[in-house]
Each structure stands twice: as structure tokens, then as C-alpha cells.
Amino acid sequence: MPRIHLICVGKLKESFYRDAVAEYSKRLAGYCRLALTELSEERLPQSPSQAQIDGALAKEAEAIRGKIPPNSSVVALCVEGRMRSSEELARLMNTWNYNSAKHLVFVIGGSYGLHPSIKAEAWDRLSMSPMTFPHHLARVMLLEQVYRAFKINEGSQYHK
């Protein structure tokens with residue numbers, strides 16, 4: 001069974017996000033071993049300088065690296081990533097399934113995104129949309145799309 005990890009910067013506070021994550025985690029249990037890791041977002045002042053943001057992103061990057069299992073393919077969610085259709089994501093995940101890596105790791109940054117080094121080291125970079133979404137909502141959207149990818153790959157009617 002595939003091992004998929006979701007590493008997220010920031011904690012889910014709102015119950016509606018937690019409920020949606022729980023629902024998709026339950027649905028994914030039949031398709032993969034899903035691990036969710038939440039990392040604390042670095043605290044910044046109200047109007048941080050670019051240097052302060054860069055420093056926070058560097059600290060978050062180190063925390064992210066510490067949670068990536070050995071022998072992983074990492075997919076960074078970032079605005080510079082490639083937008084993919086649900087079918088393309090399903091094909092990407094199918095391609096990974098034949099890869100030698102044992103873990104597929106999706107990384108979602110905090111409100112300031114991901115450090116450039118995490119993006120550069122990633123096996124792939126994925127953009128959800130040119131629109132801006134709360135990073136907590138991106139977590140729910142990603143889990144739904146991963147579930148949809150499994151359903152597409154099995155030929156289910158879930159994806160119409």
C-alpha cells in the first residue's frame with residue numbers, strides 16, 4: 001500500500017477544516033497509508049521585513065526536512081508550481097507508484113509559503129490555482145485531489 005505523507009506548516013484551528021481533513025483521511029485509508037504532520041509556523045511581527053520572512057522560512061524549511069522520511073519523493077505546493085488537472089495528478093501519482101521511492105510527501109507551507117530550497121529540492125512542484133487560498137484550505141483541497149487521483153486510477157465513477 002502506498003505511503004503518502006502530508007507535511008503542513010501551521011495548525012488547523014477551525015473545526016470545519018479539521019472535519020474535512022478527517023473525512024478525506026478516512027476515505028484514503030483504503031488506498032494508502034496516510035501520515036499528516038503539522039509543524040508550527042514561525043512567529044513574525046505584524047509587518048515583517050523581507051529578512052524576517054526569509055529567516056522564518058529557513059527555520060520552517062529545516063523543520064520540514066526533519067520530517068521527510070528517507071527514500072521519499074517530495075511534491076512542494078507553491079504558486080510557481082505546475083497546475084495540473086485531476087487526471088494529470090492521477091498520472092503523476094501512478095508514475096510515482098513505479099518509482100523506487102517508498103514515500104510520496106506533499107509539503108504545504110505557511111502563510112508566507114515555502115523556502116526556495118524546499119521548492120528546489122522537490123521531485124515536483126504543484127500549484128493548485130493562480131488564485132490565492134488559505135493554506136489550511138489547500139490542505140483539504142489536496143487531500144480531496146489525492147483521493148480523486150486514486151479513484152481515477154481505479155476507474156471509479158467518483159470522477160465524472
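Strands here are DSSP runs of E with at least two residues, helices are runs of H or I with at least four residues, and both are numbered from the N terminus. I noted that strand 1 and strand 2 pair in the parallel sense over 7 bridges, where pairing requires that DSSP finds at least two bridges between two strands.

For the record, residues are numbered from 1 along each chain as its sequence is written, and side-chain values use heavy atoms, with hydrogens and water left out. Because this is a predicted model, local features need pLDDT of at least 70 and side-chain atom pairs count only at pLDDT 80 or more, while totals for chains, interfaces and linings use all residues.

I then followed the whole sheet, which is open, has 5 strands in the order 2-1-4-3-5, and shows parallel pairing. Its edge strands are strand 2 (33-39) and strand 5 (124-127), each of which pairs on one side only. Neighbouring strands of this sheet are turned against each other by 25° on average, direction ignored; the axes are lines fitted to C-alpha atoms, for helices over the stretch in contact, and angles run from 0 to 180 degrees between N-to-C directions.

I checked strand 4 from both of its sides. Strand 1 pairs with strand 4 in the parallel sense over 6 bridges, and isoleucine 4 stands opposite leucine 104 there. Strand 3 (residues 72-83) pairs with strand 4 (residues 103-108), also in the parallel sense, over 6 bridges; valine 74 stands opposite valine 105, and alanine 76 has valine 107 as its bridge partner.

**Core and helix 5**

The largest nonpolar core has 29 residues, and Ile4, Met93, Phe106, Leu142, Val146 and Phe150 have the most contacts inside it. Such a core is a set of buried Ala, Val, Leu, Ile, Met, Phe, Trp, Tyr and Cys residues joined through side-chain atoms within 4.5 Å. Two or more residues each come from strand 1 (3-9), helix 1 (15-28), strand 3, helix 3, strand 4 and helix 5, and helix 5 gives the largest share, 7 residues.

I therefore turned to helix 5, where 15 of the 20 residues are buried, so this helix is largely enclosed by the rest of the structure. From its first C-alpha to its last, helix 5 reaches 29 Å, close to the 28 Å expected at 1.5 Å a residue; the expected span is 1.5 Å times one less than the number of residues. Glycine 155 follows helix 5 and has a positive phi, near 80°.

**Aromatic pairs**

I searched the whole structure and noted 5 aromatic pairs. Rings of Phe, Tyr and Trp (its six-membered ring) pair if their centres lie within 6.5 Å; planes under 30 degrees apart count as stacked, over 60 as edge-to-face and the rest as tilted. The rings of phenylalanine 16 and tyrosine 17 have centres 4.5 Å apart and planes at 50°, so this pair is tilted. Phenylalanine 16 is exposed, at 52% relative accessible area, whereas tyrosine 17 is buried, at 12%.

The rings of tyrosine 147 and tyrosine 158 have centres 4.9 Å apart and planes at 80°, so this pair is edge-to-face. Tyrosine 147 lies in helix 5 (residues 135-154) and tyrosine 158 in the segment after helix 5, so the pair ties together parts that are 11 residues apart in sequence. Ring pairs link Tyr24, Tyr31, Tyr147, Phe150 and Tyr158 into a cluster.

**Confidence**

The protein averages 93, and 99% of the residues score at least 70.

Notes:
Buried means under 20% relative accessible area, exposed over 50%, partly exposed in between (1.4 Å probe, protein chains only). pLDDT is the predictor's confidence in each residue, from 0 to 100.
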